[in-house]
Amino acid sequence: FATTYQPGGMDGMTFQAKSGLPDMSRPFTVLGIESSCDDTGAAIVRSDGVILGEALASQAEIHEVWGGVVPGLAKTAHEENLDRVIDLALMNAGMSLTDVDAIGVTVGPGLEICLRVGCKRAQELAIETNKPFVGIHHLE
């Protein structure tokens with residue numbers, strides 16, 4: 001209980017959850033990573049919903065010849081493009097990784113082998129930068 005909640009609140013007596021998320025009283029930014037299926041995406045989003053920068057690597061040409069998504073090819077394309085897409089989204093936002101407050105990533109639904117690519121990289125970035133890691137169900 002003591003590691004999950006702390007006294008606080010407006011009256012000084014209620015408890016606040018220790019979520020690890022940024023201070024909700026001021027705008028914060030999240031690097032969002034998307035690798036659930038066949039396109040690799042990243043965006044820097046402010047807590048008020050404004051997209052500060054985004055980037056996308058399409059896989060349409062890769063899968064077109066097969067008539068649908070080939071999971072193994074999609075996974076490889078995510079691995080090859082993810083860092084470039086993240087860097088481009090940050091550049092488009094005029095920010096660096098140290099400027100964002102949290103790292104968010106799609107954890108489902110999607111193709112497991114593709115989701116794993118984004119989740120692994122998001123986890124690495126969160127650990128490297130000591131930022132909160134937020135898993136997102138991208139249909140909710």
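Which residue just after helix 2 takes a positive phi? That's G94, with a phi of about 70°. Keep in mind that this is a predicted model, where local features need pLDDT of at least 70, side-chain atom pairs count only at pLDDT 80 or more, and totals for chains, interfaces and linings use all residues. Residues are numbered from 1 along each chain as its sequence is written, and side-chain values use heavy atoms, leaving out hydrogens and water.

**Helix 2**
- Helices (H or I, at least four residues) and strands (E, at least two) are DSSP runs, numbered from the N terminus.
- Helix 2 covers residues 71-93, and its 23 residues reach 31 Å from first C-alpha to last, close to the 33 Å expected at 1.5 Å a residue (that's 1.5 Å times one less than the number of residues).
- Its buried residues (under 20% relative accessible area, 1.4 Å probe, protein chains only) include A74, L82 and L90.
- Strand 3 (29-34) and helix 3 (112-129) are among the elements covering those buried residues.

**A look at N81**
- Helix 2 bends by about 45° at N81, going by the angle between axes fitted to the seven residues ending there and the seven starting there.
- N81 counts as buried because its relative accessibility is 18%.
- The N81 side chain reaches the backbone oxygen of A77 at 2.9 Å.
- Leaving aside neighbours within four places in sequence, N81 is in contact (heavy atoms within 4.5 Å) with T40 and A57.

**Strands 4 and 5**
- These two run antiparallel, joined by six bridges (pairing takes at least two DSSP bridges).
- They form a hairpin with four residues between them, and G49 in the turn has a positive phi of about 95°.

Methods. Buried means under 20% relative accessible area, exposed over 50%, partly exposed in between (1.4 Å probe, protein chains only). A polar contact is a pair of N or O atoms within 3.5 Å; within protein, one must be able to donate a hydrogen and the other to accept it, and residues adjacent in sequence count only if both atoms are side-chain atoms.
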